[in-house]
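The entries follow in the order of the look-ups.

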Amino acid sequence: MPNSSAQIVHPALPRAVALVGPQSSGKTSLLESLLFVTGAIGRKGLVKDSNTFADASEEARARQMSTELSVAHTTFLDEHWTFLDCPGSIELEQEAINPLMAVDAAIVVCEPDLARAVSLSPMLRMLDEYSIPHLVFINKMDTGDTKTRDLIEALQGISSRPLVLREVPIREGDQITGYVDLVSERAYHYTQGQPSKLIQIPDTIREREQEARQVLLESLADFDDALLEQLLEDTQPPADEVYRQLTKDLADDLIVPVMFGSAERDQGVRRLLKALRHEVPTVDVTAARRGAPDDPVAAQVFKTVHALHTGKLSYARVWRGRITDGMTFGDAKVSGIFHVNGGSVTKATEATEGQLVALGRMDTVATGDVLAGNGHAKAEDWPEPLTPVFSIAVAPENRGDEVKMTGALQRLMEEDPSISFRHDPDTGELQLHGRGEIHLQIAIDRMRRKANVAVTTRPAQVPYKETIRSGTKQHTRFKRQTGGHGQFADVHIEVSSVERGTGFQFNEKIVGGAIPRNFIPAVEAGVRDYLKRGPLGFPVVDVAVTLYDGQFHTVDSSDMAFRTCGRQAMQEAMPKCGPVLLEPILQVVIAVPNEFTPKVQRVLSSRRGQILGFDARPGWTGWDEVKAYVPQAEMHDLIVELRSLSLGLASYTCTFDHLQELSGRLADKVIEMRQETAAAQ
């Protein structure tokens with residue numbers, strides 16, 4: 001960890017900060033306020049009116065929510081700042097994770113709601129895992145009556161780093177009218193549309209202020225022996241020393257400063273900007289923390305966008321040096337440098353240290369790549385893509401767009417690594433996988449807008465199989481006489497069941513040349529042809545077929561004749577073997593705050609799940625992992641129900657475990673639907 005204690009001057013180089021937090025916490029409103037009070041915009045927009053600076057895309061405006069990363073630039077006291085507004089929806093979490101790897105700090109925005117404090121835990125854990133400096137901004141303090149002390153206690157329960165309250169509110173009745181800064185010990189009164197006004201500390205809050213300041217100093221003293229010694233001697237450290245320690249500890253991700261305000265009223269926003277200016281690390285400190293190459297030029301790609309008019313853009317943070325148009329990094333050439341600001345993209349001549357820019361048409365560069373003198377390669381500690389938890393089957397409305405659709409899906413994956421697609425060999429479907437229903441709807445809308453590809457969707461089919469309960473012997477003769485050579489094949493086979501999970505076995509016990517050796521593979525091929533669709537309409541598994549006798553004709557026998565005969569023999573034999581439907585069973589591991597564990601267990605039971613038990617989630621205070629076997633047929637909208645009962649926090653991983661016999665009305669319904677589908681084709 002770099003020693004950042006000397007960084008107390010105001011840097012000239014641009015700095016970058018990400019705004020993260022749960023959906024509806026007010027991140028976009030905070031960005032509007034930051035831009036407004038710094039003069040970057042002349043009028044604030046509202047999310048409900050779909051006219052905010054950040055949410056410029058059609059998908060965001062249609063849903064009145066952030067659906068993708070938004071970049072905004074401004075200056076404050078002659079210093080350049082880039083703010084990244086990240087979506088808060090749990091389904092769009094990947095859009096928040098990747099940008100965090102390129103910023104100097106993050107502002108975690110939350111509401112003053114004790115019940116929702118736990119919703120910050122995944123983000124706080126991720127920030128600490130990668131040692132990303134972060135502050136907490138408690139928004140909407142004008143709308144609730146939660147005591148700051150209670151809220152800090154609730155938040156501390158989910159933060160592995162000590163929370164350090166930077167200010168205490170001044171209340172007049174039920175309203176918060178200002179604050180006292182705990183370092184400078186100055187009080188301010190909110191003034192509508194203007195910077196806060198300096199006032200005397202009210203007598204009613206002086207005791208609370210002294211108590212909170214002592215807690216602040218004691219938290220800082222845990223990481224500084226000199227400060228601890230002063231406190232033990234009842235010596236009050238000077239403000240400059242406290243600021244210096246705050247700056248150092250924030251840069252090293254040892255503490256989490258907490259501030260508050262109301263973004264819609266611009267309350268506390270200027271104070272937040274001043275804290276960022278004094279305490280957020282500089283780009284050189286961030287580059288060292290991220291392990292940037294010690295090259296004259298280095299940058300980190302943290303997002304890929306395929307834009308309508310400019311083509312592929314690689315969003316990058318310049319760690320050091322200067323990037324110019326035409327510069328190459330191995331096999332990747334910079335073809336255009338662009339400044340992205342909200343919904344606008346403008347051409348630039350260069351990108352310098354600290355700046356966040358978009359680099360054009362670097363086809364071989366991917367999200368997570370580090371650009372340096374020798375080329376580009378994925379950063380070693382780049383986060384893995386989030387696991388998909390929702391799937392749908394997709395098909396182009398116009399069959400001629402199949403190739404076009406595949407290319408569009410590939411570009412979607414480049415833009416959002418938590419999206420994936422694959423062709424399911426069992427069902428024949430092209431399946432799109434993502435983090436939730438809304439996530440995939442946004443992806444489909446984006447594909448229609450950017451690639452002009454319209455698709456139809458439906459729930460992904462379950463890859464049912466079938467097997468047999470008993471065996472039989474079958475003699476089949478295939479004989480067809482046409483002009484010239486005819487077709488002749490005669491086989492005796494025995495069909496038997498094998499242990500579940502064995503698959504398919506083919507054996508032959510031909511003696512005396514009853515069937516020439518060169519025709520035996522054709523019989524096996526015919527058997528395999530039939531196994532693709534058994535008597536119930538599904539692929540057949542866990543059967544053994546033994547070819548033990550037969551006949552041939554020296555002129556009319558052929559590979560094709562024996563292949564056809566093998567398929568017909570299976571068609572006649574299988575209905576006699578007691579065919580039975582098999583459904584895939586997945587092993588599911590659900591992560592959820594332990595207060596919701598009983599509800600999760602009830603959901604699993606209602607979906608025919610077999611609960612295997614639950615235990616504490618390793619490394620997650622207050623979280624459980626619930627393990628269960630769940631039929632794949634019950635998984636389609638499981639994540640929707642889990643999130644609805646857990647403040648959107650529950651997630652799961654799943655793997656195929658085994659096939660299990662399905663009988664009764666459920667099996668009859670599955671078979672009936674399969675027959676209807678086959679009849680319609």
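I took helices (H or I, at least four residues) and strands (E, at least two) as DSSP runs, numbered from the N terminus. On that basis I found 17 helices and 35 strands in the chain.

I note that this is a predicted model, where local features need pLDDT of at least 70, side-chain atom pairs count only at pLDDT 80 or more, and totals for chains, interfaces and linings use all residues. Residues are numbered from 1 along each chain as its sequence is written, and side-chain values use heavy atoms, with hydrogens and water left out.

Whole chain. I read spans of about 110 × 60 × 50 Å for the C-alpha trace along its principal axes. Of the 681 residues, 53% are buried (under 20% relative accessible area, 1.4 Å probe, protein chains only). I then looked at contacts (heavy atoms within 4.5 Å) with a separation of 6 or more: residues 24 or more positions apart account for 71% of them.

Helix α12. I checked the length of α12, residues 437-451.

Next I listed the buried residues of α12: H439, L440, I442, A443, I444, R446, M447 and A451.

Last, I looked at what follows α12: N452, with a positive phi near 55°.

Technical notes. The expected span of a helix is 1.5 Å times one less than its number of residues. Buried means under 20% relative accessible area, exposed over 50%, partly exposed in between (1.4 Å probe, protein chains only).
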